[in-house]
Amino acid sequence: MRKFAAVSMLAVLTAAPTFAQPEAPKPGPEIEMLKARVGTWTTLMKADGGEFKGEVTYKMDLGGLWLVGDMDSDLGGQKFHGRSLDTYDAASKKYVSVWVDSMSTKPMHMEGTYDAKTKTMTTVTTIDAPGPDGKPAKWKSVTVMTDADTIEMKMSVGDAKEPMFSVTYTRKK
């Protein structure tokens, strides 16, 4: 019986699949804009009248489909760590971003569009994310790659005219 089980298992493991596997997606031209961020950047966050320095490293991963960011910062003496995943969803024709960090257990999922003329990415939450008052609010991120070595990001909550915070990214040479 053991020989039969072993032979049967070997046959299953070595048999060629009888179904056609779909071809893995390949990065489209929309990913090129994300590739421009690959590298290490210093960050300067402005929030609540303060300035906080940090660093983020971006790399393309997962078959070149996702830009993965790894950020470390100091927020007024408190260590802050965040991770981002960004891609272009060909089905919805929108850019998608997922953000998680050391100050929350709820991921922020955003989606939006990119304007190549102004080099501006605008994304908003697709889930309820609490605002400063603890109530669900719309979060909006506007990111401009002003040149190959500078990115300006502003995050607004609700209908606020002024951003809740801004981050300037400067490429490390």
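The legends below accompany several close-up views of a predicted model.

Local features are described where pLDDT is at least 70 and side-chain atom pairs only at pLDDT 80 or more, while totals for chains, interfaces and linings use all residues. Residues are numbered from 1 along each chain as its sequence is written, and side-chain values use heavy atoms, with hydrogens and water left out.

**View 1. Phe80 and Trp99 form a stacked ring pair.** A search of the whole structure finds three aromatic pairs. Rings of Phe, Tyr and Trp (its six-membered ring) pair if their centres lie within 6.5 Å; planes under 30 degrees apart count as stacked, over 60 as edge-to-face and the rest as tilted. Here the ring centres of Phe80 and Trp99 are 6.4 Å apart and the planes meet at 25°, so this pair is stacked. Because Phe80 belongs to strand 4 (residues 78-89) and Trp99 to strand 5 (residues 94-101), the pair ties together parts that are 19 residues apart in sequence. Strands (E, at least two residues) are DSSP runs, numbered from the N terminus. Phe80 is buried at 11% relative accessible area, whereas Trp99 is partly exposed at 24%. Buried means under 20% relative accessible area, exposed over 50%, and partly exposed in between (1.4 Å probe, protein chains only).

**View 2. Tyr95 and Tyr114 meet edge-to-face.** Look for two ring centres 6.3 Å apart, with planes at 70°. This pair links distant parts of the chain, with Tyr95 in strand 5 and Tyr114 in strand 6 (residues 108-115), 19 residues apart. Tyr95 is buried, at 7% relative accessibility, while Tyr114 is partly exposed, at 26%. Ring pairs also bring in Tyr88, making a cluster of Tyr88, Tyr95 and Tyr114.

**View 3. Thr125 is a buried residue of strand 7.** Strand 7 covers residues 120-125, and Thr125 has a relative accessible area of 12%. Leaving aside neighbours within four places in sequence, Thr125 is in contact (heavy atoms within 4.5 Å) with Met108, His109, Met110, Ala137, Lys138 and Trp139.

**View 4. Asp74 sits partly exposed in strand 3.** You will find Asp74 within the strand formed by residues 66-75, and its relative accessible area is 32%. Setting aside neighbours within four places in sequence, Asp74 is in contact with Phe52, Lys53 and Lys79. A polar atom of the Asp74 side chain lies 3.3 Å from the backbone nitrogen of Gly77.

Technical notes. Helices (H or I, at least four residues) and strands (E, at least two) are DSSP runs, numbered from the N terminus. A polar contact is a pair of N or O atoms within 3.5 Å; within protein, one must be able to donate a hydrogen and the other to accept it, and residues adjacent in sequence count only if both atoms are side-chain atoms.
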